[in-house]
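I opened my notebook for this one and jotted down what I looked up, entry by entry. Here is the structure I was working from.

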Amino acid sequence: MQLKPVNKDIYQTRSRYSYIGISALLILFTLVWSTLFIALFSIGSDNFYLNLMGVVAAVLSIVPVVLFCKTKPWFAEVIYVWELKQELNKINRKMAALSRASKHGDAIAFSIIKFSYLGSRQIWELDDNTLMLSELALSEQKLDELAQAQGLVIDTSQYHQTQLAKY
């Protein structure tokens, strides 16, 4: 995965509309399915399990809609950020091993950590989550200093998820 520039205003608008749309569909489908289940299978006044089945059916009904929509160009920014968040989550699970490897001069570990920092910065700026940016800048600076001390040049353009398997 490579980092791409994303227009913040477009991303925020489209992600808001996406979340509102999915929430509205979930509410609508839940009401429809729950009402249908209650009308067909209700015996008494306790319809908790029928309502629960309505929620599950609604979630299952939304999956094809989301899969269809995510291939549309309108959702490109939202899908890119979603995939980047998933990628960063995978990296964060391996961060302890990556940190140990970077201290031993592993160039791939350096590039993965740097990719994580750059991706986190991009997501935090897109989501207006600027509280941790100063801490992130310090971590980036320490990483760059460590790489320079070990004579390494960090290149994040070659990052690929398969590199994580080593750690």
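**Helix pair.** I started with how α3 passes α5, and found a left-handed crossing (left-handed if the near helix is turned anticlockwise from the far one by less than a right angle, right-handed if clockwise). Helices here are DSSP runs of H or I of at least four residues, numbered from the N terminus. A note on what I was reading: this is a predicted model, where local features need pLDDT of at least 70 and side-chain atom pairs count only at pLDDT 80 or more, while totals for chains, interfaces and linings use all residues. Residues are numbered from 1 along each chain as its sequence is written, and side-chain values use heavy atoms, with hydrogens and water left out.

I noted an angle of about 140° between α3 and α5, with the axes 10 Å apart. Axes are lines fitted to C-alpha atoms, for helices over the stretch in contact, and angles run from 0 to 180 degrees between N-to-C directions. The pair is therefore oblique, the class left over once angles under 35 degrees (roughly parallel), over 145 (roughly antiparallel) and 65 to 115 (roughly perpendicular) are taken out.

I then listed who meets whom: α3 brings residues including Tyr80, Leu84, Leu88 and Ile91, and α5 brings others, among them Ile112, Phe115, Gly119 and Ile123. Contact means heavy atoms within 4.5 Å. The residues of this contact divide into nine nonpolar, five polar and two charged; Ala, Val, Leu, Ile, Met, Phe, Trp, Tyr, Cys and Pro count as nonpolar, Asp, Glu, Lys and Arg as charged, and the others, Gly among them, as polar.

**Core.** Next I looked up the largest nonpolar core: 26 residues, with Ile91, Leu98, Ile112 and Tyr167 having the most contacts inside it. Such a core is a set of buried Ala, Val, Leu, Ile, Met, Phe, Trp, Tyr and Cys residues joined through side-chain atoms within 4.5 Å. α5 gives the most to this core, with eight residues.

Beyond its neighbours within four places in sequence, Ile112 is in contact with Ile91, Leu98, Tyr159, Gln163, Leu164 and Tyr167.

**Gln163.** I followed that list to Gln163, in the segment after α6. Gln163 counts as buried at 19% relative accessibility (buried is under 20% relative accessible area, exposed over 50%, partly exposed in between, with a 1.4 Å probe and protein chains only).

**Asp128.** Last, I checked the loop between α5 and α6, where Asp128 lies. Its phi is near 55°, a positive value in a residue other than glycine, and Asp128 is partly exposed at 45%.

Key:
Helices (H or I, at least four residues) and strands (E, at least two) are DSSP runs, numbered from the N terminus.
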